[in-house]
Amino acid sequence: MIYSLDLQTAFLIVGVLLIAAHAFALVKPAAVQGWLRRFPRSRTWGLALVSVAAAWFFFLVAKMDLGEFTNWRQVVLIATPIAWVLTWKYVDEFLAVRSLGMIVLLAAEPLLEAAFLRPEMSKLFLVGLVYVWIVFAMFWVGTPYTLRDQISWVTGADKRWRLASLAGIAYGVLLLGLTFTLSKPTA
């Protein structure tokens, strides 16, 4: 295991982030909607997020067991910063969206690892959410205009915006509540 994240902490982190982000979206809808509409084509966010994704990937390749690809470790470690520079320089279209997709895919692993082989059925609330994020992230990387369309849809009607915000808060509260139902894993 690369990450030492337990299921209780994963519930807590995701729950708090869901509540905070969606509560802010509910309280300041105009500011958040404006930011979301600008985000897909933001060069600044694209550079920041692709840098985080590249650093995270570099760390993973340096630390994890690559199995039969271990002899490729040095090549990938050298290629990663080169790919980062080339991506930053030549991927102008929706770089922020593609980078966000990469980060979501990277973040899915520790969350799924935290739930791996845990007997509680409540883990499925986190695992299900993470798999939904994975599907969305794959589309964001491959066809990044889908995030722009998703943002347009959710910001298109005030009722949808409030419903999405309240649903995110409710799911965060559910995950926080599940934090207290878990028993400590035995080592």
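Modeller: A quick definition before we start: a pocket is an open set of grid points with protein on both sides within 12 Å along at least five of seven lines, and its lining residues have an atom within 4 Å of a point. Keep in mind that this is a predicted model.

Biologist: On to the largest pocket. What is its volume?

Modeller: Its lining takes in 40 residues, and those nearest the centre are Leu18, Ala21, His22, Trp133 and Trp140. Two or more residues come from each of helix 1 (7-27), helix 2 (29-38), helix 3 (43-63), helix 5 (95-115), helix 6 (123-142), helix 7 (145-155) and helix 8 (158-179). As for the volume, the value is about 1,700 Å³.

Biologist: Which helix gives the most to the lining of the largest pocket?

Modeller: Helices 1, 2, 3, 5, 6, 7 and 8 each give at least two residues. The top contribution is nine residues, and it comes from helix 1.

Biologist: How many charged residues are in that lining?

Modeller: Start from the 40 lining residues. Of these, 36 are nonpolar and four are polar. For the charged class, the count is none.

Biologist: Let's zoom out. What pattern does the chain follow along the sequence?

Modeller: The chain has eight helices and zero strands. Its C-alpha trace spans about 50 × 50 × 20 Å along the principal axes, and buried residues make up 36% of the 187 residues. Read along the sequence, the pattern is α-α-α-α-α-α-α-α.

Biologist: Now charges. Which residue forms a salt bridge with Glu93?

Modeller: Side chains of opposite charge can pair when their charged atoms come close. In this pair the closest N and O atoms are 3.0 Å apart, and the partner of Glu93 is Arg41. The bridge links distant parts of the chain, 52 residues apart, with Glu93 in the loop between helix 4 and helix 5 and, in the loop between helix 2 and helix 3, Arg41.

Biologist: Is Arg41 buried or exposed?

Modeller: The cut-off for exposed is over 50% relative accessible area. Glu93 has 45%, so this residue is partly exposed. Arg41 has 52%, so this residue counts as exposed.

Biologist: And are Glu120 and Arg118 buried or exposed?

Modeller: These two form another of the five salt bridges in the structure. Their closest N and O atoms are 2.7 Å apart. Both Glu120 and Arg118 are buried.

Biologist: What is the N to O distance between Arg148 and Asp149?

Modeller: Arg148 is partly exposed at 33% relative accessibility, and Asp149 is partly exposed at 38%. Their side chains meet in a salt bridge, with an N to O distance of 3.2 Å.

Biologist: Rings next. Why is the pair of Trp35 and Phe39 tilted?

Modeller: The structure has four aromatic pairs. In the pair of Trp35 and Phe39, the ring centres lie 5.2 Å apart and the planes meet at 40°. Planes under 30 degrees apart count as stacked and over 60 as edge-to-face, so with planes at 40° the pair is tilted.

Biologist: Which residues do ring pairs link into a cluster?

Modeller: Trp35 is partly exposed at 34% relative accessibility, while Phe39 is buried at 5%. Trp45, found in helix 3, is partly exposed at 38%. Ring pairs link Trp35, Phe39 and Trp45.

Biologist: Last one: the charged end of which residue sits over the ring of Trp153?

Modeller: The limit for a charge over a ring is 6 Å from the ring centre. Here the charged end sits 4.6 Å from the centre of the Trp153 ring, and the residue is Arg160.

How values were computed. Residues numbered from 1 in each chain as written. Predicted model: local features only at pLDDT ≥ 70, side-chain atom pairs only at ≥ 80, totals over all residues. Heavy atoms only, no water. 1 Å grid on protein atoms, 1.4 Å probe; cavity = no way out; pocket = protein on both sides within 12 Å on 5 of 7 lines; lining within 4 Å. Points joined across faces, edges and corners; volume = space filled by probe spheres on them. Helix = DSSP H or I, 4+ residues; strand = E, 2+ residues; numbered from the N terminus. Nonpolar A, V, L, I, M, F, W, Y, C, P; charged D, E, K, R; others polar. Salt bridge = Lys/Arg side-chain N within 4 Å of Asp/Glu carboxyl O. Buried < 20%, exposed > 50% of the residue type's maximum accessible area, 1.4 Å probe, protein only. Phe/Tyr/Trp six-rings, centres within 6.5 Å; stacked < 30°, edge-to-face > 60°. Lys NZ or Arg CZ within 6 Å of the ring centre and 35° of its normal.
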